[in-house]
Amino acid sequence: MTEKKQVFSEEKNQKTFIFRPGPGSRVAMRKTQRIFVSFFQKRTLFLFCCLSSSQAWADAATTSSGGGIDAATGKAVFEHVCQGCHQANARGAMGAGAGFPALAGNRNLENVGYPIGMVENGHGGMPWFNGMLSDAQVAAVINYVRTHFGNNYKDMITAADVAAAHGPAPITER
Amino acid sequence: MSHSQNAVQPTRRQLLTRIGITAGSVAMYQAMTKMGHAAGTDFKGPPDLAGARPGTSVLVLGAGLAGMLAAYELRRAGYTVRVLEFQNRSGGRNITLRGGDTLTELGGAKQTVGFAPGNYINPGPWRIPYHHRALLHYCKLFGVELEPFTQLNHNTFLHNSNSFGGVPQRYRDVMVDFNGYTAELLAKATNQNKLDEPVTADEKADLLRAMRIWGELDSNYAYKKSLEVSRRRGFAKARGGGPDGMPTASDLLSRSEIMKSGLFMWMAFYTDYDMQTTMFQPVGGMDMIGKGFSKHVNDLVTHNIQVMKIGQDMNGVTVTYKDNNFAGAVHEVSADYCVCTIPLPVLSQLEVQVSTAMQTAIAAVPYASSVKLGLEFKRRFWEQDDDIYGGISFTDQPISQIAYPSHGFFTDGPAVLLGGYMFGPAAYDFAGMLPEQRVEQGLLQGSKLHKKYYSEFLNGVGVAWSRMPWTLGCCSMWSEEARKTHYRALTEIDGRIVLAGEHASTIGCWQEGAILSSLSAISRLHQRAIGAA
């Protein structure tokens with residue numbers, strides 16, 4: 001490529017790349033499961049804590065959660081939380097060589113531990129929802145996604161399954 | 001009385017004046033800093049990159065503020081620099097939308113901004129605290145004209161759907177009444193010796209005097225409807241001239257309703273260091289800053305380049321990219337060093353040859369979702385009907401707030417306000433809507449604060465940052481645990497690669513963070529390059 005030659009003298013076109021494997025997501029997740037004392041543990045305090053101080057984004061004028069997430073069904077949680085990134089058809093989207101994975105036909109959903117860990121702890125661009133969604137909401141949305149968008153898994157999970165899989169919610173920096 | 005000590009102890013101002021006179025301005029500045037004044041961000045001036053070896057090359061990934069600053073300073077120091085940018089524009093999240101601009105988001109929805117000429121919305125950063133000195137330094141250097149940004153306006157609305165019958169209250173009324181009632185309670189407790197902690201006689205007198213002044217209490221320490229109180233919260237019948245010029249006192253809001261409403265929390269909002277006045281904004285739109293940078297480095301930037309892999313060895317860095325100027329042809333480019341400002345949600349999905357610690361750190365910091373609405377109306381009804389000139393109204397509805405333009409006061413014709421600015425659950429919710437639904441919801445919720453919303457509405461735009469293909473989110477969202485565990489690994493130089501951007505600073509989500517992280521990154525890289533570190 002000529003533009004390269006104009007700017008840089010070093011030529012390494014035939015370079016061999018050594019790519020180290022990415023960190024196992026489970027390892028990363030464990031690290032976030034430390035013991036915290038969190039307002040979020042009490043659902044009744046959710047609205048208050050979000051409105052007061054727990055999410056004071058630097059350049060955000062507001063700390064408001066806009067009323068919390070009161071979606072009761074898996075479908076509602078999906079529509080009010082997940083589809084903003086994963087898209088209404090759950091097919092994901094690609095941007096700058098990166099994007100949001102499809103949930104439709106995603107083999108990672110087979111083992112329920114994966115979606116539970118991903119939703120609760122987040123990874124990469126995916127935020128954690130531990131503390132923002134209740135265990136029942138997480139169970140409902142995972143059940144919903146695993147039985148819609150062409151997914152047809154039979155094993156349902158419960159709030160107790162979710163509760164057993166995560167620790168206290170992380171504290172978001174102010 | 002304790003205040004009699006003032007006769008022998010100099011006041012803070014007297015002390016500062018003495019230091020200033022006797023020891024010069026440097027000592028004055030240091031003294032002020034020690035006393036908690038004048039402390040800004042950690043900006044020590046432009047970087048000293050003296051001694052760069054000619055021919056040493058640095059590849060910068062991303063032409064946002066962090067990337068362009070790195071390019072500007074490194075070239076100035078003598079490095080050979082090239083910048084690769086995914087978008088067809090420079091500036092990154094420093095962006096302004098004007099009439100005719102188009103915005104295509106992930107999922108395919110395309111918006112064409114319909115604003116009248118001269119009108120704009122800043123969907124990303126929109127204000128600059130006076131103490132963000134690094135950013136202000138470069139604004140001045142690049143001739144970016146700044147004007148005041150109205151941050152705190154006492155006449156804006158505070159709105160709780162479940163308080164005061166859902167009627168928005170003026171910030172001023174909530175503030176004066178909250179302060180008054182609270183002062184009254186404190187004074188009462190003090191007078192009745194009911195405070196838990198022992199209060200000395202001196203302290204008691206001081207506290208009572210303070211409560212009277214703070215809360216505008218009467219001689220019996222009561223907060224009551226009066227002309228004195230109305231001098232703070234406004235009169236029922238306004239002051240005027242002539243025989244009928246006498247004002248009448250305004251009614252107070254109910255104490256229990258105020259306390260229950262939680263609206264006073266917005267008074268605390270303005271006490272955050274980064275939310276205090278004075279604030280600034282660039283004249284004409286926030287992207288004037290990006291353009292200011294771009295003017296100096298544009299010849300170094302190649303747009304429409306999609307980075308695929310970042311590799312390195314003992315001899316240098318090699319970046320594999322897709323050139324979208326030429327049908328996505330794949331190329332490699334090499335350099336001695338790399339400053340990578342690619343947002344973490346994107347970077348975490350690329351092949352990056354760095355230590356496991358840095359890879360883990362890159363994947364440990366998700367980006368917050370945020371949505372902003374820009375709404376254009378036929379006229380400035382907020383000024384003409386509601387006497388609101390700039391500032392922010394807050395609501396408990398998902399839109400969270402309405403912010404009024406800080407420029408163009410009193411002008412006729414269409415104007416644009418910020419019709420919603422959301423993080424958290426509301427942002428996820430709005431990001432999941434189609435753009436027209438976001439605007440629709442913005443109108444519905446905003447109409448609870450302004451009756452003229454529907455009749456004066458012209459057009460709107462709804463920007464969901466999680467759907468921006470080049471950031472996949474608004475800005476870094478750190479948990480306290482992630483900061484403790486991963487911040488160092490994220491920011492330290494890894495071989496020949498260093499990361500920069502707001503995510504690599506402790507002033508996250510602010511442009512100042514991007515600037516300071518970039519200055520830190522290139523300063524450390526320079527030390528490494530000249531063999532000093």
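**Note on chain B of a predicted model**

1. Of the 533 residues of chain B, 50% count as buried, where buried is taken to mean that 20 or more other C-beta atoms, placed from the backbone, lie within 10 Å of a residue's own. This is a predicted model, in which local features need pLDDT of at least 70 and side-chain atom pairs count only at pLDDT 80 or more, while totals for chains, interfaces and linings use all residues. Residues are numbered from 1 along each chain as its sequence is written, and chains are lettered from A and ligands numbered from 1 in the order in which they are written.

2. The secondary structure of chain B comes to 17 helices and 25 strands, which are DSSP runs numbered from the N terminus (helices are H or I with at least four residues, strands are E with at least two).

3. Five strands of chain B form an open sheet in the order β12-β2-β1-β16-β25, with parallel pairing, and two strands are said to pair if DSSP finds at least two bridges between them. Because β12 (301-302) and β25 (497-499) of chain B stand at the edges with a single partner strand each, one side of each is left without a neighbour in the sheet.

4. Strand β2 (residues 80-84) of chain B pairs with β12(B) in the parallel sense over two bridges, and Val83(B) stands opposite Val301(B) in β12(B).

5. Strands β14 (residues 316-323) and β15 (residues 329-335) of chain B pair in the antiparallel sense over seven bridges, with Asp323(B) opposite Ala329(B) in β15(B). Their hairpin has five residues between the strands, and Ala327(B) takes a positive phi near 55 degrees there.

Technical notes:
A residue is buried if 20 or more other C-beta atoms lie within 10 Å of its own, exposed if 12 or fewer, and partly exposed in between; C-beta atoms are placed from the backbone.
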